[in-house]
Amino acid sequence: MNSMGIKSTNDQAGLYYRDLLMKQIISFQLPRKPAQDEYMAAFSEFLFECSNAYPYNLMYLIEQHKSFNDFLQIAHIKYQTLKNVLFQAKQVTFLLELIREHPSAAAKIKFKLNAFLEGSLDGSICLMEEFSMSGAKRRLSDDVLTVCYEKENRSCLIIHSTSLLEELLKAVLPSKLQTGGAEDGKATSKTSK
């Protein structure tokens, strides 16, 4: 169970709520709208005054709403960071060849940011299966990127250089995939006309 109380992503309700959270992260925009804060304060007052079935501290919901907005802001920045890493990865020459010649091998490459978000070369980004809220809240200067291929993975502080990203990819990919070799280890034959 993660910190949000979601037991498993196999649970349909859990998947639904994870998707909603990811949509909020992607679409987050600054500045926050004061109307949202006012709505939450009014809703909190309504619950406090009208519902005996839901007794709680009047300020709790308001503070949680503020905390959630702060989370969305930093999570959106992390989303943009991983999106930029995926763009940089597609600038790596041998990786472009791998995508073209061995798409199934390329699909196995995963990029993880702070045990929070996971991205693929197809551009998709999602919350990790067991995502870490502390990973979401980590200072930007301490963001850790992990590149994974099958059981191999390497991590380092976030990379803003295509050449450094290339080195990280080479550290996890088998050499035959870095040079155009076949995924199954058999040599590829290229005929020229």
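The model is predicted, so local features need pLDDT of at least 70 and side-chain atom pairs count only at pLDDT 80 or more, whereas totals for chains, interfaces and linings use all residues. Residues are numbered from 1 along each chain as its sequence is written, and side-chain values use heavy atoms, with hydrogens and water left out.

The protein chain holds 8 helices and 5 strands. Helices (H or I, at least four residues) and strands (E, at least two) are DSSP runs, numbered from the N terminus. The order of elements from the N terminus is α-α-α-α-α-β-β-β-α-β-β-α-α. The chain has 193 residues, and 36% of them count as buried. Buried means under 20% relative accessible area, exposed means over 50%, and partly exposed lies in between (1.4 Å probe, protein chains only).

Side chains of opposite charge can pair when their charged atoms come close. The whole structure contains 7 salt bridges. A salt bridge is a side-chain nitrogen of Lys or Arg within 4 Å of a carboxyl oxygen of Asp or Glu. One of them joins Asp-142 to Arg-139, at 2.8 Å from N to O. Asp-142 is partly exposed, at 30% relative accessible area. Arg-139 is exposed, at 56%. Another links Glu-152 and Arg-154, with the closest N and O atoms 3.2 Å apart. Both partners are partly exposed: Glu-152 at 37% and Arg-154 at 34%. Lys-112 pairs with Glu-118, where the closest N and O atoms are 4.0 Å apart. Lys-112 is partly exposed, with a relative accessible area of 23%.

Asn-153 is 41 residues from Lys-112 in sequence, yet their C-alpha atoms are 9.9 Å apart. Asn-153 belongs to strand β5 (residues 152-157). Its relative accessible area is 41%, so Asn-153 is partly exposed.

The loop between β1 (109-113) and β2 (117-120) contains Asn-114. Ala-115 lies in the loop between β1 and β2 as well. Asn-114 is not a glycine but has a positive phi of about 55°. Ala-115, also a residue other than glycine, has a positive phi near 55°. Asn-114 is buried at 5% relative accessibility, whereas Ala-115 is partly exposed at 37%.

A nonpolar surface patch is formed by Tyr-16, Tyr-17 and Leu-20, with about 330 Å² of accessible area together. Patches are made of residues with over 30% relative accessible area and no salt bridge; like charges are joined within 9 Å, nonpolar side chains (Val, Leu, Ile, Met, Phe, Trp, Tyr) within 5 Å. Accessible areas come from the Shrake-Rupley method with a 1.4 Å probe; for residues, only the protein chains shown count as cover. Leu-20 sits in helix α1. Leu-20 is partly exposed, at 34%.

Helices α1 (12-27) and α3 (58-89) each supply at least two lining residues. The most come from α3, with 4 residues. By class, the lining has 5 nonpolar, 6 polar and 2 charged residues. Ala, Val, Leu, Ile, Met, Phe, Trp, Tyr, Cys and Pro count as nonpolar, Asp, Glu, Lys and Arg as charged, and the others, Gly among them, as polar.
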